[in-house]
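Hello,

Please find the structure below, sequence included. My notes follow it.

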Amino acid sequence: MTNISDTATSDVEVSSSTVVAAGRRLRLARLRDFALVPAVLGVAFVGYLVNPVFLHKGNLILILQTMSEVGIVVLAESLILIAGRMDLSLESTFGLAPGVAAWLVLPNAPALGSHLPSWTGVPITLAVGALVGAINGLLIVRSRLNGFIVTLGMLIVLRGLLTGISKGQTFFNLPHSMLWVGQARWLTVPVSVWLCLALFGAAMFVLGYTRAGRALYAIGGNRNAARAAGINVDRVLWLTLIVASTLAALGGLMLTGRLASVAANQGNGYIFTVFAAAVIGGISLNGGKGTMFGAFTGVLLLYMIQDVLTLGGVNAEWIGALDGGIILLALVLSRITSGQAQD
Amino acid sequence: MSVASNAPAPVEETPAAEAHGITKRYGGTVALQDAGIVITPGTTHALVGRNGAGKSTLVSILTGLESADSGEVTFNGSPAPGLTDREGWRRRVACVYQKSTIIPNLTVAENLYLNRQPRGGGSAISWRRMRRQASDLLDTWHLTIDVDAYASDLNVEQRQLVEIARALSYETRFIILDEPTAQLDRAAINRLFERIRGLQRQGMTFLFISHHLEEIYEICQRVTVFRDARHILTDDVAAVPTRDLVAAMTGEAAPHTVPARRAGAAASEPVILEVEDLVAVLDAPRANFRLRRGEVVGLAGGNGSGKTQIAEAIVGLRKARSGTISVDGHRTKPGHVSSALRSGVAFVPQDRHTEGYVGGLSIAENVTMTVPKLIGTRGVLSTKRRDALARKLIADLSVKTPGPELPVSSLSGGNQQKVVMGRALASKPKVLVLISPTAGVDVRSKATLLGVVNEMRALGTAVLVVSDELDDLRVCDRVLAIFRGEIVREFEAGWADNELVLAMEGVGTTDDEH
């Protein structure tokens, strides 16, 4: 309680002590980003004890591939959360975007009388994503509606649209162009894994080293102060919503490619995992806090634990209950290792 | 830029800023009526007025956040830029607002250069260059703040310095300080004033807004008074005695209500509040004191002194490390507001915005929040009884409002604080704890709030006034000075101002570290 009177001491004294404090704090700030790394290593060790297969290359790639699709949605949600907003509809975009593309290009499911050329599948997927984001932006940013309810409504509407166009069925026989991103491999590693890693890398750069990225933190931290600093708050938020929805569509495309189909319930329930991964990774639901590296370790940790359970021979009927348990456990784990309150 | 002296500059000099014939309406209410101000370069100019006099509106217009309905604003003789030209405004005028515009999760350096971070090659931000620029800036103005610290780790004073540094980084020569001292303790205010004087010597011009008149005599050369949306007077500070200043602000002769204090409160009265060996925070020395029936005791100390922690322990907002608190002989449960409340302790918390009231709820709901039993039977509230009780408290405290159903957020600061006081009084407490009760409150509301203390005393309530404001402490029968968590001295009524201030600063105590 005496720190205030301490700062009142002579200037020379203060400046020398601040240099020391600066170094310490910088190191601390970096450490905070790596808070989950010990947990990741710990789970890897436990996984190895449970079943040595865990550390085999094939299994590690499998973990990365299954997490890459949701990982991109986590990335997207993190962008929005850092800016102090939230978007629940990402999980429906994840299913609807490739669904619409399949509906328009498949010959056996003629949507508009005649089907579109198969190369349009990927652009359509991304465009649907961008469009959903733009509509969310229109309602939340322009019309000032409550973001939680708007995106909750969108989640239900988009889910219903996918069921409507697919008549509850699964789209099969998709064109090769739509499968490529989920099936091709570079250097024996799936393209989706490379893409996921590259996007996280790009996001780390944008958030750490560009004015636009820093603007997200500023807006999430104190909206009015950000506006006072000359940041166009509305435009940044709107763009973030569009980018995030487009990323969710890309994530959906990657899953579609891996499974070579679009199920009517693709993405259903994913949003809980997405929020859990982001919060475990240190992204604050109140905005302005968290890093992309943290979010990445968050989603990685979740999928590693799931894989360990599968390798441990846990009965499939119990996986649902365990999934929820894992999220709670990981939350507790990250609270302990980072030592920070999650708010 | 001319070299400024502390004396008021000659009038023929081009004003650093001038507002002329400004009228501004919000719907039906007139916020400013043909008002104006002329600010001479190199001076510190005070703008005073009660809450609602039009000060904030003038600040908004002078900083280009809003346009006037009529009238003109000039800087150094040339007309102000258009509202959309934020850069243009920023070069002419900077403002340190009452509400912090610092972003807590960013570092000091980034807060200084937000949205104009220096870039290396391409569009990537160069953190190294930004840090260097930031520390150069802070060094230039002799501000010792760590550029890598997160803003959330700074105290109020440091945050304010960051805002001032940011204003300076735009090379602005004119800075508006909107109640900069509201949250600072005496030592920090002195440092701030020293800094203002230094900058003024270098040719900077300040517009200084404060509720504390003594500060205006301390730091300002010129003063302008607004009342009811109009300009009342502008003069040299030295030419306007306090009494006239207050009269200009309130429109009547000064309500010079230094409330009567009773020398030596009856020692025969029973002890109501007994604090024994209280350790409010880790490593704090034990605190012992008692309040008798009808006694008013001050707990005086600076911001870091620990006075607030002791008070919060008494009212149950904070769980003390050790020690006991007894009210009327009954020990209260540590850390439980409800237990303290049941024993008869009521309080006005330090920060009314976060702990004092629920802004969206009505005045009636707020003032009766602590006393559901008085206004309802078996858990069902009677709105009639609630409103009746609220009306009585509104009248007692002269809250300016058309009725008890108005949300508290729509009231001015002084009236909000009266509501918080009303909430404390509603339970007819045996012990009333007031933590910084007059912070950010205008002269008249202050008199009302302190007047309540005298009334409560007459009713036999023991009052603990926790503050570093000498005006607040004048109502007390005794004052306990706290320094670094320790009660270092006790003053009987009639103490000398400078002795109490010195005791609060820790001068003249056993181990003098200054």
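**Helix α13 of chain A**

Nine of the 11 residues of helix α13 (residues 270-280) of chain A are buried, so the rest of the structure largely encloses this helix. Buried here means 20 or more other C-beta atoms within 10 Å of the residue's own; 12 or fewer is exposed, in between is partly exposed, and C-beta atoms are placed from the backbone. Helices (H or I, at least four residues) and strands (E, at least two) are DSSP runs, numbered from the N terminus. The buried residues of α13(A) are Y270(A), I271(A), T273(A), V274(A), A276(A), A277(A), A278(A), V279(A) and I280(A). G282(A) follows α13(A) and has a positive phi, near 95°.

**Basis**

This is a predicted model: local features need pLDDT of at least 70, side-chain atom pairs count only at pLDDT 80 or more, and totals for chains, interfaces and linings use all residues. Residues are numbered from 1 along each chain as its sequence is written, while chains are lettered from A and ligands numbered from 1 in the order in which they are written.

**Helix packing in chain A**

Helix α5 (residues 90-105) of chain A packs against helix α12 (residues 233-259) of chain A at about 55°, with the axes 7 Å apart. Axes are lines fitted to C-alpha atoms, for helices over the stretch in contact, and angles run from 0 to 180 degrees between N-to-C directions. α5(A) and α12(A) are therefore oblique to each other (under 35 degrees is roughly parallel, over 145 roughly antiparallel, 65 to 115 roughly perpendicular, the rest oblique). From α5(A), the contact residues are L90(A), T93(A), F94(A), G95(A), A97(A) and P98(A). They meet residues of α12(A) including A244(A), A248(A), G252(A) and T256(A). Contact means C-beta atoms, placed from the backbone, within 7 Å.

**Chain B**

Chain B has 18 helices and 22 strands. Its C-alpha atoms fill a box of roughly 70 × 55 × 50 Å along the principal axes. Of its 514 residues, 50% count as buried. Among contacts in chain B with a separation of 6 or more, 67% join residues 24 or more positions apart.

Most residues other than glycine have a negative phi. D34(B) is not a glycine, yet its phi is positive, about 50°. D34(B) lies in strand β2 (residues 29-39) of chain B. It is partly exposed, with 14 other C-beta atoms within 10 Å. A229(B), also not a glycine, has a positive phi of about 75°. A229(B) sits in the loop between β9 (222-227) and β10 (230-236) of chain B. It counts as buried, with 22 C-beta neighbours inside 10 Å.

Best regards

Definitions and conventions: Contact = placed C-beta atoms within 7 Å.
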